[in-house]
Amino acid sequence: MINSFQAPLLGKLKYFEYLTAPNSERYRTIMRYCFLCHLEYKNRLTKEEIFTFLKGFPQFADYTEQMCEQDLKSLVEWGNLNSIQDTSKTRTVEEFKNKRFLYELTHIGLKIERFLFELETQEDTKAELNPKHIEKIFVLLQHVDSVLQEPQKRAVDWWDDLTRSFEEIENSYSEYISMLKSYEAENLMIKENFLEYKSKLVQYLYNFYIVFQNYLPKIRSIFLQLENSEVEKLLKYIIAQEKEHPKNIFKDPESIERNIKARFDNIKLWFVAPNGQAEKLSDQIQGLIKKVSDLAARLSEMSSVKVNRQEEYKHLAKIFSELDLATCHKLSAVVFGVLLPRYIATEEKRQSELASLSILDVPPMKSLLHSRGRLVREKSKVLPASEFSEDKKKRFEEYKKKIEEEEKLVAELIKDGKIEFENLPVLTPQVRKKLLVWLSRGLSTGFGNTDSGKRFKVVKPKDGRYCVLKSIDGELEMPAYVIEFVE
């Protein structure tokens, strides 16, 4: 089905223009009014009826008949409305020339408005983890042999039940999990009243997980044991009857056949594929159970700590109320600590590492404090510049020796004034890097220079062949370039 998809289908559709065009609120009001009248079997409307309806809204107080006529003309051009000349009240030639029209929804305009109306008025479906859909698929797969005995009578019903159950799994399960992972659900889970529902939620998830894990290997086993001939025979009857169905969204027989086969294959892969959607769903349920349990445990711990602290504060408040102010200050320093503490740390080594050693047992020591003000700077001592000439000379000699060794290794690779990458031996990382640097210099213009100034050109393989450049630290697959040195 996807293979038959054509890129022009992605083009802009004029039928939906009225939803996003400027003044879309006027177009949408007109279309909705025509749709509501259609529901009452009043299919054709005059311009005056439509204009009067729009003028009843405060936001269209400045709306004119000329604007209404232009809006109706645009909707007719986009294919949303049909205009039919109204000759019922025409009595003269002049009245016939000044055409009056009746407007009605086109077939496509009616479908678009019906879809929008249902989308706006439909209620949210209840997402749930109901194991009955998994059980249903297992039962249906068990009855494949009996369906094949009477395929003309039972094949299509079997297929409808299978696809309906699978769609419930995909939609309802994924929606439920997304709901639990949403921002709103996470905010609810950190509130204390969530503890009341925690047990029920975990039990609900756990019960589904047990049933799912029970049926998953059985469904997987049936799918793997189904013979290709059985599947083809079953799908053959389903495809034949679907082709005769008048309301099938696919009109050509090949598209119907591809669609049904692809849907069956994807249902099978959902259950059978390693690390597939079934296993991912199982992992997600496990993760949710752990997440909910952890959040509940944290909330429970916070709640108990809060209760304990409340009792402690009540006891302390009672003690403070029975003491004088000076004693309260001392007790406050012991219970709550110093109100404005200052922490002083030094880098002096301790005389002992005993944990039981008190600061009162350590002899006093002096520590020089430096100003931390921004405007106060320490005087810096002027020191003579260090002499690094010998060190520089030594490092230069080492660098020069390294370059000469690399040049010598590269020179050994040149044969008849060329370096052919497909004939090179195993290289050191340094030589490989140098060759690739040369190659990058010459690829853009075709010519380049080595570090010593030699000019070369890069010759690309005419037949587009590749080679493997081997090095001590790995292999690189690349085109079989040739570096040819020129005078």
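Against which elements do the buried residues of α3 pack? In this predicted model, they pack against α2 (24-39), β1 (45-46), α4 (65-77) and β3 (101-105).

**Helix α3**
- Lys47, Ile50, Phe51 and Leu54 are the buried residues of helix α3, which spans residues 47-55.
- Viewed down the axis of α3, these buried residues fall within an arc of 100°, so they line one face of the helix.

**Contact of α2 with α6**
- The axes of α2 and helix α6 (residues 107-121) come within 10 Å and cross at roughly 90°, which makes α2 roughly perpendicular to α6.
- From α2, Arg28, Met31, Arg32, Phe35, Leu36, His38 and Leu39 meet Gly109, Leu110, Glu113, Arg114, Leu116, Phe117 and Glu120 of α6.
- The residues of this contact comprise 7 nonpolar, 2 polar and 5 charged.

- Arg28, Arg32, Glu113 and Glu120 are linked in a network of salt bridges.
- In the pair Glu120 and Arg28, the closest N and O atoms are 3.3 Å apart, and the two residues are 92 residues apart in the chain.
- Glu120 is partly exposed at 45% relative accessibility, and Arg28 is partly exposed at 32%.
- Arg32 forms a salt bridge with Glu113, with the closest N and O atoms 3.0 Å apart; the pair ties together parts that are 81 residues apart in sequence.
- Arg32 is buried, with a relative accessible area of 18%, and Glu113 is buried at 1%.

**Salt bridges elsewhere**
- The whole structure contains 14 salt bridges.
- Glu279 forms a salt bridge with Arg220, the closest N and O atoms lying 3.7 Å apart.
- Glu279 lies in helix α14 (residues 277-321) and Arg220 in helix α11 (residues 195-225), so this pair connects parts 59 residues apart in sequence.

Technical notes
Residues numbered from 1 in each chain as written. Predicted model: local features only at pLDDT ≥ 70, side-chain atom pairs only at ≥ 80, totals over all residues. Heavy atoms only, no water. Buried < 20%, exposed > 50% of the residue type's maximum accessible area, 1.4 Å probe, protein only. Helix = DSSP H or I, 4+ residues; strand = E, 2+ residues; numbered from the N terminus. Arc of directions from axis to C-beta. Contact = heavy atoms within 4.5 Å. Axes fitted to C-alpha atoms, helices over the stretch in contact; angles between N-to-C directions. Parallel < 35°, antiparallel > 145°, perpendicular 65-115°, else oblique. Nonpolar A, V, L, I, M, F, W, Y, C, P; charged D, E, K, R; others polar. Salt bridge = Lys/Arg side-chain N within 4 Å of Asp/Glu carboxyl O.
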